[in-house]
Amino acid sequence: MTPLEDSKTHLVLLATGGTIASRSRPEAGGAAVAADTGEQLLGSLGVPSPCPVRVVDVLRKGSYLLDFGEMVQVCSAIREALADPAVLGVVVTHGTDTMEETSFLADLTHDDPRPVVFTGAQKAADSASPDGPANLAQAVAVAASPQARDRGVLLSFAGRIFPSRGVQKAQTTGLDAFANPDVGPAGWVTAAGGVHLGDVPPRMEPFRLPSAAPDGPRVDVVASYPGADDVLLRASLAAGAAGIVLEATGSGNANRTLCAAIAEATAAGIVVVTSTRVPAGPVVPIYGDGGGRDLLAAGAIPSGILRPSQSLVLLSLLLRLEMPRSRIAESFERCGRPLS
Ligand SMILES: NC(=O)C[C@H](N)C(=O)O
């Protein structure tokens, strides 16, 4: 671990809830709900932190409850923490269900060399052997490491370190909850806090952070599957969607019915992005008969390597920033490129 040169330097821990903070509650019928404060989480660390940590409680909820405005709120809290030059880096404790969404939004809008590291847990704080304390200790070690600088927003989980772009929750209950099926982890962190990361990849130009208003443009995810018709897509349009992420099959295919409805939607100015339910590989326009080639001709924008969850975040961000379709297409081209 890196010794501190200046005793005033410190990390900030932003607590948002999730399983890492959850305990079973009689008032919830014994179900696990977010309960612990950031101070309680910090108090659970079995090892001393490499530097002082200041705690801010931002939210206390399961991440399956978050909306886009709350994700912006977490990003604003990161920005506020980094406004203090004595802050070395930020750790965010967060539920794992939507950590790939919030961390990606934070990465897209992160304009600072200092590390921001998300972590959480798969087992509740009151379980017999919670994984939260070790995950948090490792995230603190990563955030305090000079090796983690200039890498945007990272996830540290079960000893592995991932850039947020392309990361996916890949286990419902297994302790190694996250994966990047395209490129694997960027590095690892040992139980003793030793951080190992490879070369620093180039960073993308950050986007502006939009307002945290809860009533931004509506963006829905609509799936294609055997027998899918256009009823749900049209319901989304009728509900006022400004953007739709199509969770397509394979390399990004739908069918003739969906394709025709998408052509109508894009002609009316709705932005449609084609992503895929397949865990790895880019969206590629190859097939006709309502496949990816026809979706492209219908005006849908391929998401590159971004899965539906992260496509939803990028599209919601760009629509909140009032970007025209041409810049949205360019942004997906840039942000959807595989990280190598
Ligand atoms: N393991 C977790 O954190 C899952 C939890 N349901 C959440 O996302 O808040």
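Aspartate 289 has a relative accessibility of 55% and therefore counts as exposed, where exposed means over 50% relative accessible area, buried under 20% and partly exposed in between (1.4 Å probe, protein chains only). This is a predicted model, in which local features need pLDDT of at least 70 and side-chain atom pairs count only at pLDDT 80 or more, while totals for chains, interfaces and linings use all residues. Residues are numbered from 1 along each chain as its sequence is written, and side-chain values use heavy atoms, with hydrogens and water left out. The protein contains nine helices and 16 strands; these are DSSP runs, numbered from the N terminus, with helices (H or I) of at least four residues and strands (E) of at least two.

**Overall form**

- For 340 residues, a compact globule would have a radius of gyration near 20 Å, and the 20 Å of the protein agrees with that. The radius is taken over C-alpha atoms, and the globule rule is 2.2 Å times the number of residues to the power 0.38.
- The C-alpha trace spans about 60 × 50 × 35 Å along the principal axes of the protein.
- Buried residues make up 54% of the 340 in the protein.
- Of the contacts (heavy atoms within 4.5 Å) with a separation of 6 or more, 73% are between residues 24 or more positions apart.

**Two aspartates with positive phi**

- Aspartate 289 has a phi near 55°, a positive value in a residue other than glycine. Its place is the loop between β15 (271-276) and α7.
- Aspartate 150 has a phi near 65°, again positive in a residue other than glycine. Aspartate 150 sits in the loop between α4 (132-143) and β7, and its relative accessibility of 41% makes it partly exposed.

**Aromatic pair**

- Rings of Phe, Tyr and Trp (its six-membered ring) pair if their centres lie within 6.5 Å; planes under 30 degrees apart count as stacked, over 60 as edge-to-face and the rest as tilted. By this rule there is one aromatic pair.
- Phenylalanine 157 and phenylalanine 178 form the pair, which is edge-to-face, with 5.2 Å centre to centre and 70° between the planes.
- Phenylalanine 157 belongs to strand β7 (residues 153-157) and phenylalanine 178 to strand β10 (residues 178-179), so the pair ties together parts that are 21 residues apart in sequence.
- Phenylalanine 157 is buried at a relative accessible area of 2%, and phenylalanine 178 is buried at 1%.

**Second largest pocket**

- The volume of the second largest pocket is about 270 Å³. Of its 20 lining residues, Gly18, Thr19, Ser22, Gly62 and Tyr64 are the closest to the centre.
- Two elements give two or more residues to this lining, β3 (32-34) and β4 (53-61). The largest contribution is that of β3, with three residues.
- The lining of the second largest pocket divides into six nonpolar, 10 polar and four charged residues. Here Ala, Val, Leu, Ile, Met, Phe, Trp, Tyr, Cys and Pro count as nonpolar, Asp, Glu, Lys and Arg as charged, and the others, Gly among them, as polar.
- Pockets and cavities are found on a 1 Å grid over the protein atoms alone: a cavity is a set of points where a 1.4 Å probe fits but cannot get out, a pocket is an open set with protein on both sides within 12 Å along at least five of seven lines, and lining residues have an atom within 4 Å of a point.
- Grid points are joined across faces, edges and corners, and a volume is the space filled by probe spheres set on the points.

**Cavities**

- The structure has four cavities of 30 Å³ or more, and the volume of the largest cavity is about 40 Å³.
- Gly252, Thr274, Val283, Pro285, Gly292, Leu295, Leu296 and Pro302 line the largest cavity. Helix α7 (residues 292-297) supplies the largest share of this lining, three residues.
- Five of the residues lining the largest cavity are nonpolar and three polar, with no charged residue.

**Helix α3 and threonine 37**

- Helix α3 (residues 99-108) is mostly covered, with 10 of its 10 residues buried. Among them are Glu100, Glu101 and Asp107.
- Threonine 37 lies in the loop between β3 and α1 (38-43) and is partly exposed at 21% relative accessibility.
- Leaving aside residues up to four places away in sequence, threonine 37 touches Asp57 and Arg60.
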